[in-house]
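Please read this short briefing alongside the structure.

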Amino acid sequence: MNRYLKQELKQAFSAPLPDPQETARFLKTLPQPPIRMRQFLLIQTTYLRKQGLILSLLFLLPVLTGARQIEPDTLWAICALIPFLALLAVTESTRSTVYGMQEFELPTRFSLKSVMLARMSVLGLLDAFVLCCLIPVCAAGNKLSLLQTGLYLLVPYLLTVNSCLWITRRFYGREALYGCLCAAVVVSILSCAIRLIANFIYQFTYVQWWLLFAAFLLVKTGQEIKRTVTQTERYV
């Protein structure tokens with residue numbers, strides 16, 4: 001081919017900004033309108049799977065039946081099911097890392113860390129709303145204090161969250177999903193087993209131990225969330 005023609009073709013089809021530094025400088029010149037935190041959370045909510053949100057809201061069915069129709073065993077049934085509420089929250093908020101889709105979310109306007117934190121916040125608020133609705137209803141049906149009922153529901157939830165976050169940081173794909181499911185099943189079985197074998201620990205005299213364990217799990221949950229979010233920095 002003619003050398004002149006090669007040069008003309010090279011100039012005609014050359015990349016406008018081949019230098020990465022020039023590309024970064026060019027991107028900084030593009031207008032980026034500010035966005036409020038509330039708007040950012042709403043945008044990330046649209047990326048959450050609707051079936052997961054619906055399944056989380058299904059835990060409110062005992063509330064819809066009314067406190068007068070709640071039986072004493074309803075609390076223990078919900079304690080056995082509450083780990084699966086945590087399972088839905090963790091698997092949905094860490095979906096990009098579980099399925100190995102970090103590379104597709106990294107080039108976006110917002111960092112993967114911000115996206116994960118936003119989704120965790122939305123799902124955490126949703127689960128907190130569900131728990132706040134379940135606690136007074138279950139307490140009325142069981143004639144227990146709100147503190148006791150809240151602890152009995154919160155401990156298996158936090159235990160599942162900690163286990164699932166630990167698993168998602170070490171496994172990917174179906175292995176992570178199966179591991180999280182196994183963790184939720186184990187916590188559910190433990191809740192039932194403790195209720196049948198060691199029912200005495202649900203007495204009011206042991207509330208202080210439940211408080212200490214719940215506080216420990218809250219601290220561990222914060223640490224696991226920080227480690228999970230920080231792990232995304234290695235993909236940058």
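The sulfur of cysteine 192 lies 9.0 Å from the closest cysteine sulfur, that of cysteine 79, which is too far for a bond. A disulfide here is a pair of cysteine sulfur atoms within 2.5 Å. This is a predicted model, in which local features need pLDDT of at least 70, side-chain atom pairs count only at pLDDT 80 or more, and totals for chains, interfaces and linings use all residues. Residues are numbered from 1 along each chain as its sequence is written, and side-chain values use heavy atoms, with hydrogens and water left out.

**Cysteines**

- Searching the whole structure gives 0 disulfides.
- Cysteine 192 is partly exposed, at a relative accessible area of 36% (buried is under 20%, exposed over 50%, partly exposed in between, with a 1.4 Å probe and protein chains only).
- For cysteine 180, the closest cysteine sulfur is in cysteine 164, 3.9 Å away and too far for a bond.
- Cysteine 180 is buried, with a relative accessible area of 1%.

**Helices H9 and H10**

- The axes of H9 (residues 112-142) and H10 (residues 146-168) are 9 Å apart, and the helices pack at an angle of about 150°.
- H9 is therefore roughly antiparallel to H10 (an angle over 145 degrees).
- Residues in contact (heavy atoms within 4.5 Å) include Met120, Asp127 and Leu131 in H9, and Leu146, Thr149 and Gly150 in H10.
- The residues of this contact divide into 12 nonpolar, 2 polar and 1 charged (Ala, Val, Leu, Ile, Met, Phe, Trp, Tyr, Cys and Pro count as nonpolar, Asp, Glu, Lys and Arg as charged, and the others as polar).

Notes
Axes fitted to C-alpha atoms, helices over the stretch in contact; angles between N-to-C directions. Helix = DSSP H or I, 4+ residues; strand = E, 2+ residues; numbered from the N terminus. Parallel < 35°, antiparallel > 145°, perpendicular 65-115°, else oblique.
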